[in-house]
Structures are given as C-alpha cells and as structure tokens.
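Have a look at the model below before you read on. The notes that follow take you through it topic by topic.

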Amino acid sequence: MQSCLRLMRGSLLSLSLGVILSGTGFSAENETGSTAAPDNTERNKTHDGEHAVTADQQKNNETDVEITRKIRRAITSDKSLSTYAHNVKIIAMNGAVTLKGPVKSEKEKTTVEAVANKVAGTEKVTSEIEVSAQ
C-alpha cells in the first residue's frame, strides 16, 4: 500500500511539474509542433563582431567591479523598471562601460543609460540596449 502511495505521489509530482513548465516556455515543443531548443544564437550573432565586448572580458579589477556594482544596484533598486531592464548586461573594462540587452520601452532604455552615465561618465558609456518589440 505504501509503495503504491509513493508511486502515485511521484506521478502526481511529475505531472504537476510538467504542467508548470509547459506554461513557462520550458516545453521542448513550440507553437508549430516542432521541437527546438530555445536559444539566442541568431540574435547574439549581431554582437559577435571583431571588436565585440562580452561580459566574460570584464576583469576583476576593483574599479571596474565597483562601477558595475553601482550601476547594477541603481538599476535593480528602480522598481519602475521591468525584469528585462534589471537584467541588462553591464560590462566595465578599464572604466569604459558597455550596456547590452533588451528592455521593454524607450523610457527604460533612457533610464538605464542615464544611470550608467551618472556612475561612469557620459563619455565612457556605450549603449547597445535594444527596445524589445513586445
């Protein structure tokens, strides 16, 4: 009897998890019925130029880490910004800052850029932020 209950609990848990994940985009099947792993490969190709700046290039020197920390803290403390804006990539290299990623509106883009400009200085910020069409 106990093994039957354990089996039923395990099946119910698996079923519940499948229902939860299917509503979050983790399903292996998309709207057209084909199976394709979700990725940003095509989108990321636009940022793969010869002189592209990526997050893994940031060094752990105290100045760059502090700049990144201050910008990130200011952005995430602004509750008017979406999760997209809170997750913009901030890459500081030798005091120069590059911002990358999608935001939901032009206002969010301007807000994130203004925060970075205030922390690092206007002449040191390059924005590659994109307004997402959603």
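**A first stop: Serine 82**

Leaving aside residues up to four places away in sequence, Serine 82 touches Lys104 and Glu108, where a contact means heavy atoms within 4.5 Å. This is a predicted model, in which local features need pLDDT of at least 70 and side-chain atom pairs count only at pLDDT 80 or more, while totals for chains, interfaces and linings use all residues. Residues are numbered from 1 along each chain as its sequence is written, and side-chain values use heavy atoms, with hydrogens and water left out.

- Serine 82 sits in the loop between H3 and H4; helices (H or I, at least four residues) and strands (E, at least two) are DSSP runs, numbered from the N terminus.
- Its relative accessible area is 14%, so Serine 82 is buried (buried means under 20% relative accessible area, exposed over 50%, partly exposed in between, with a 1.4 Å probe and protein chains only).

**How confident is the prediction?**

- The protein has a mean pLDDT of 75, with 54% of its residues at 70 or more; pLDDT is the predictor's confidence in each residue, from 0 to 100.
- Confidence is lowest in helix H1 (residues 2–22), with a mean of 47, and highest in helix H5 (residues 106–120), at 97.
- Residues 11–32 have pLDDT below 50, and this stretch has 8 contacts in the model beyond near neighbours in sequence.

- Which residues of H3 are buried? They are Asp64, Ile67, Thr68, Ile71 and Ile75.
- These residues lie on the same side of H3 because they cover an arc of only 95° around the axis, the arc being that of the directions from the helix axis to the C-beta atoms.
- The face turned away from the buried side of H3 carries the exposed residues Glu62 and Arg73.
- Helix H4 (83–86), strand E1 (89–93), strand E2 (96–103) and H5 are among what covers the buried residues of H3.

**The nonpolar core**

- The largest nonpolar core has 17 residues, of which Ile71, Ile75, Val97, Leu99 and Val112 touch the most other members; such a core is a set of buried Ala, Val, Leu, Ile, Met, Phe, Trp, Tyr and Cys residues joined through side-chain atoms within 4.5 Å.
- H5 gives the largest share of this core, 4 residues.
- Among the contacts of Isoleucine 75 beyond four places in sequence are Leu81, Ile90 and Val115.
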